[in-house]
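Here are my notes on this model, point by point. Please read them with the structure open.

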Amino acid sequence: MTATIFLLRHAAHDQVGLYLAGRTSGITLGVDGLAQAQRLGERMRREQFDALYSSPRERAQQTAEAVAAARGGMPVETVEALDEVDFGEWSGSTFDQLNTRPEWRHWNEQRSLAATPTGETMLDVQRRAIDVVRQLVAQPGDTRSALVSHADVIRAIVGHLLGLPIDAWQRFDISPASITTLVVGDWGSKLITLNEITP
């Protein structure tokens, strides 16, 4: 049994890179982000997959809907475990504001030991995300699925399957609307593509 998994980061909202969106409600894709999501959907038409899962965040849902529309309106299943890191009170702050806070710097310097204000750690994020992968692998036969999630969640999955420590998160990028492809089975796992950027 082999599971092919396409990890899709949501398209960019208008203020990506300026502040920490986190789980703040109401953050949706603007005109450029919707166009980027549509291009991702067109790119994913070249791939065969039978199931489409998404984080509950609006920006992820909109991206998943664009991918689904490009495939004739396939259903999107919301999976809570694919949600963004629970950054708590950090959410909505600009990165300039966050960089003045010692606890934020600690989070980025040593994620293996640090926690967000809500108490969630990157190991917690990795655990819930890998549980989704395990469930896909456990399905009978060969499966092909697409998961729309967030940069840190995708990094956590990839890092785990490559045997990297959680503090290695800065060694590779996960760009908006990018595609990372994994093949996982009882024989092990293989990274097929990493951070394929949709033009």
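1. Charges. The chain carries 19 positive and 25 negative charges. Their mean positions lie 4 Å apart. Bear in mind throughout that this is a predicted model.

2. Surface. Of the 199 residues, 52% count as buried.

3. Overall dimensions. Does the radius of gyration agree with what a compact globule would have, or disagree? It agrees: a compact globule of 199 residues would have a radius of gyration near 16 Å, and the chain has 16 Å. Along the principal axes, the C-alpha atoms fill a box of roughly 50 × 40 × 25 Å.

4. Fold order. The chain has six helices and six strands. From the N terminus on, the elements run β-α-β-α-β-α-α-α-β-α-β-β. Take the contacts with a separation of 6 or more: 71% of them join residues 24 or more positions apart.

5. Helix α6, length. This helix covers residues 151–162, twelve in number. At 1.5 Å a residue, α6 should span 16 Å. Just after α6, Gly163 takes a positive phi of about 75°.

6. Helix α6, burial. How many of the twelve residues of α6 are buried? Nine are, and the helix is mostly covered. The buried residues are Ala151, Asp152, Val153, Ile154, Arg155, Ala156, Ile157, Val158 and Gly159. Note that Asp152 and Arg155 are on that list. As background, an α-helix has 3.6 residues a turn, so residues three or four places apart point the same way.

7. Helix α6, partners. What do the buried residues of α6 pack against? One partner is a helix, α5 (122–138). The others are the strands β1 (2–9), β4 (143–149), β5 (178–185) and β6 (188–197).

8. Asp50. This residue sits in the loop between α1 (31–44) and β2 (51–54). Is Asp50 buried or exposed? Its relative accessibility is 56%, and over 50% counts as exposed, so Asp50 is exposed. Leaving aside residues up to four places away in sequence, Asp50 touches Met74 and Arg144. Asp50 and Ser189 are 139 residues apart in sequence. In space, the C-alpha atoms of Asp50 and Ser189 are 20 Å apart.

Key:
Residues numbered from 1 in each chain as written. Predicted model: local features only at pLDDT ≥ 70, side-chain atom pairs only at ≥ 80, totals over all residues. Heavy atoms only, no water. Helix = DSSP H or I, 4+ residues; strand = E, 2+ residues; numbered from the N terminus. Expected span 1.5 Å × (residues − 1). Buried < 20%, exposed > 50% of the residue type's maximum accessible area, 1.4 Å probe, protein only. Contact = heavy atoms within 4.5 Å. Rg over C-alpha atoms; globule rule 2.2 N^0.38 Å. Lys, Arg positive; Asp, Glu negative; His and termini not counted. Charge placed at Lys NZ, Arg CZ, Asp CG, Glu CD.
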